[in-house]
Amino acid sequence: MSGTSSHSSGTVRGCSEGAGCYGFWCCPCLACTVSSRSGENTCLPLCDLCSFSLAAAFGIPLFGAPPAALALRASIRNRYKIKGSLCKDVAASCFCVWCSWCQMLRELNYRRNKPTVVNIVSVQPASATQPNPVIHTYPLHTGVLVAPR
């Protein structure tokens, strides 16, 4: 794929930039922050908590990736053209959802602070399509010059 990049940081990274500590002490708050910064509903991550709680309440075994975390992770990866696959998103969301939310926050912070470089290339049309210039010649007057009054 051309135009793709890697994540700005790995999934497991220490408490740099406060994201790790924030996610460890209050992961639902971190998840809501990430959701809001990525342009989605702030309460979207709460669906993850509700879906597992409701399934457990009704005796339904639910194993798999948290749906909101997986959807948001895939959305961020596609928006910024980050290399990866849905399988890797599922693995990150299943095995360490806190780490996944922290990585998404670091990615959004990195992309927001990264300057955008724009290259403008001017393309000139081929010279064969341009008409030849027209040269006008005027006769030289050899008379008396009269100054206007």
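Because the model is predicted, local features need pLDDT of at least 70 and side-chain atom pairs count only at pLDDT 80 or more, while totals for chains, interfaces and linings use all residues. Residues are numbered from 1 along each chain as its sequence is written, and side-chain values use heavy atoms, with hydrogens and water left out.

The protein chain has six helices and zero strands. Helices (H or I, at least four residues) and strands (E, at least two) are DSSP runs, numbered from the N terminus. The pattern along the sequence is α-α-α-α-α-α. Of the 149 residues, 28% count as buried; buried means under 20% relative accessible area (1.4 Å probe, protein chains only). The chain exposes about 10,900 Å², and carbon and sulfur atoms supply 64% of this area (Shrake-Rupley method, 1.4 Å probe). Among contacts with a separation of 6 or more, 65% join residues 24 or more positions apart. Contact means heavy atoms within 4.5 Å.

Helix α6 covers residues 97-113. Its 17 residues should span 24 Å at 1.5 Å a residue, and the end C-alpha atoms are 24 Å apart, which agrees. The expected span is 1.5 Å times one less than the number of residues. In α6, 13 of the 17 residues are buried, so the helix is largely enclosed by the rest of the structure. Helix α3 has 12 residues and reaches 16 Å from first C-alpha to last, close to the 16 Å expected. Just after α3, Gly 59 takes a positive phi of about 75°.

The largest pocket has a volume of about 230 Å³. A pocket is an open set of points on a 1 Å grid where a 1.4 Å probe fits, with protein on both sides within 12 Å along at least five of seven lines; lining residues have an atom within 4 Å of a point. The volume is the space filled by probe spheres set on the points. The lining comprises 13 residues, of which Cys 27, Asp 48, Leu 49, Val 97 and Trp 101 lie nearest the centre. Helices α2 (27-37), α3 (46-57) and α6 each give two or more residues. α3 gives the most, with five. The lining divides into 11 nonpolar residues, one polar and one charged.

Ala 65 lies in the loop between α3 and α4 (67-79). Beyond neighbours within four places in sequence, Ala 65 contacts Phe 52, Leu 70, Val 90, Ser 93 and Cys 94. Ala 65 and Val 90 are 25 residues apart in sequence but 5.8 Å apart in space, C-alpha to C-alpha.

How values were computed:
Buried means under 20% relative accessible area, exposed over 50%, partly exposed in between (1.4 Å probe, protein chains only). Ala, Val, Leu, Ile, Met, Phe, Trp, Tyr, Cys and Pro count as nonpolar, Asp, Glu, Lys and Arg as charged, and the others, Gly among them, as polar.
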